Amino acid sequence: MKEKKKSHGGALLGAAFIMATSAIGPGFLTQTAKFTSDFQASFGFVILVSILLSVVVQLNVWRVLCVSGMRGQDVANKLLPGLGYFVAVLIVLGGLVFNIGNVGGGSLGFNALLGIPVEAGCFLAGAIAIVVFLLKNATKAMDTLTKVLGGVMIVVIFIVIVIVKPPVGQALKETFLPSTGPVKLFPAILTLLGGTVGGYITFAGAHRLIDGGVTKEENLKEINKSSLMGMVIATIVRIFLFLAVLGVVVKGVALDAGNPAADAFRQGAGELGYRFFGLVLLCAAVTSIIGAAYTSVSFLKTLSRTIEKQEKWVTIGFIAVSTLIMALAGQPAKLLVLAGALNGLILPVTLGVCLVASQKKKIMGEAYRHPVWLLVSGIVVVLLSAYLGITSLANLGQLFA
């Protein structure tokens, strides 16, 4: 019995960190820096709204998947035969776009840390992630790496906050009463929501719990705890990064559009800060490449026995393709922002599937009752994210002006 609890503890932490570090990717860092530069203290409001929406998404999806014991694509297929294939295609395509951006973020990290050319950095970042999946116990290595690198990111960003001394009072005030109108903030809310829980990211932790055997209604307390733990980690980093960049941009500094996050730390903490943030960006990239590849392939393996048997090599191939496309496409910073927006468009579909499934006894079991407040708030998020997605499509071009 003790061994079972210990095993569950490892899975709970592993799930929380793979979800958090998948969200805290280079896209997360680049988005936060860009939008803090654009909206300054008003970006606090965007963070607040996206956090509230993200918690609703996480709790709904994790409960449905883990209580049913089925991955996202299997829940969808059980709900409507063939739907799981459609969801899997959406997730994998979104995951590929996001992972291309992750590789690009790794190249930016290498460039900031060591001055390595962006093209060469792409291949180095992809190679590091591939090595993890070549190890004998890849899952354990993945869990350990995400915990360690996640901790490194938090410590380094906090040090920079101390150096730049951001206007915390102003940030707190505009978090609730933004000087920028909420309508103008809608595209940023969609992008942050997509970058934090859109696409594959929501499913990363839940699929890790299923792989770790943390399923069924009797484990709901642990499932909720792991889900919220992941959100808390991601939220702490988002707030810390916002404050660190705000401390720089309120002084009238214009950030380099090609690598806004790294430039913010160079402007705020000098050359040492720039190198440190290169390390943070590299850590974020590697953990996100791993999370995106692991989760995307987990959406395919139960739909194809061939993929299930060759899971390791399919995962490695996924990373290799992402790396090659990034090396050819270029413009990683812009692609990272676009990836978050695209995953936000996928969100209403995947969350909607989980909400409908939560009401089906053939999926959830006879005894399970989904909380009414989660169902209602989940429907609100589906409608809001769908609306934001549709209305923001025309506005996304403004993000790259």
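Where does His207 lie? In helix H10, residues 201–211.

First, the ground rules. This is a predicted model, so to speak of its parts: local features need pLDDT of at least 70, side-chain atom pairs count only at pLDDT 80 or more, and totals for chains, interfaces and linings use all residues. Residues are numbered from 1 along each chain as its sequence is written, and side-chain values use heavy atoms, with hydrogens and water left out.Helices here are DSSP runs of H or I, at least four residues long, numbered from the N terminus.

Back to His207. Is it buried or exposed? His207 is buried, because its relative accessible area is 0%. Buried means under 20% relative accessible area, exposed means over 50%, and partly exposed is in between, with a 1.4 Å probe and protein chains only.

What touches His207, once neighbours within four places in sequence are left aside? Leu65, Arg71, Gly72 and Gln73 do, and so do Tyr294, Ser298 and Phe299. Contact means heavy atoms within 4.5 Å.

The rest of H10 looks much like that. Ten of its eleven residues are buried. Among them are Ile201, Phe203, Leu209 and Ile210. Just after H10 comes Gly213, with a positive phi of about 80°.

The term means a side-chain nitrogen of Lys or Arg within 4 Å of a carboxyl oxygen of Asp or Glu. By that rule there are six. Arg208 pairs with Asp143, N to O, at 2.6 Å. This pair links distant parts of the chain: Arg208 is in H10, Asp143 is in helix H7 (residues 138–164), and 65 residues separate them. Both Arg208 and Asp143 are buried.

Take Asp38 and Lys34, with N to O at 3.4 Å. Both lie in helix H2, residues 26–39. They sit four residues apart, about one turn of the helix. An α-helix has 3.6 residues a turn, so residues three or four places apart point the same way. How covered are the two partners? Asp38 counts as partly exposed because its relative accessibility is 41%. Lys34 counts as buried, at 19%.

Next, Arg266 and Asp263. Their side chains meet at 3.4 Å, again N to O. Both belong to helix H12 (residues 260–301), three residues apart, about one turn of the helix. Arg266 is partly exposed, with a relative accessible area of 35%. Asp263 is buried, at 5% relative accessibility.

How many cavities of 30 Å³ or more does a search of the whole structure find? Two. A cavity is defined on a 1 Å grid over the protein atoms alone, as a set of points where a 1.4 Å probe fits but cannot get out; lining residues have an atom within 4 Å of a point. Grid points are joined across faces, edges and corners, and a volume is the space filled by probe spheres set on the points.

The largest cavity holds about 50 Å³ of space. Its lining includes Phe28, Ile51, Thr196, Met231 and Arg238. Which helices each supply at least two residues of that lining? Helix H3 (43–68) and helix H11 (220–249). H11 gives the largest share, four residues.

Now the surface. Phe123, Leu324 and Leu328 make a nonpolar patch of about 340 Å². Patches are made of residues with over 30% relative accessible area and no salt bridge; like charges are joined within 9 Å, and nonpolar side chains (Val, Leu, Ile, Met, Phe, Trp, Tyr) within 5 Å. Accessible areas come from the Shrake-Rupley method with a 1.4 Å probe, and for residues only the protein chains shown count as cover. Phe123 is in helix H6, residues 118–134. Phe123 is partly exposed because its relative accessibility is 44%.

Two last residues. Phe86 is in helix H5, residues 83–114. Phe86 is partly exposed, at 45% relative accessible area. Ala76 is ten residues from Phe86 in sequence, and their C-alpha atoms are 8.8 Å apart.

Val376 is in helix H17, residues 372–393. Val376 is partly exposed too, with a relative accessible area of 46%. The C-alpha atoms of Val376 and Leu355 are 9.3 Å apart, and the two residues are 21 apart along the chain.

Terms used: On a 1 Å grid over the protein atoms alone, a cavity is a set of points where a 1.4 Å probe fits but cannot get out, and a pocket is an open set with protein on both sides within 12 Å along at least five of seven lines; lining residues have an atom within 4 Å of a point.
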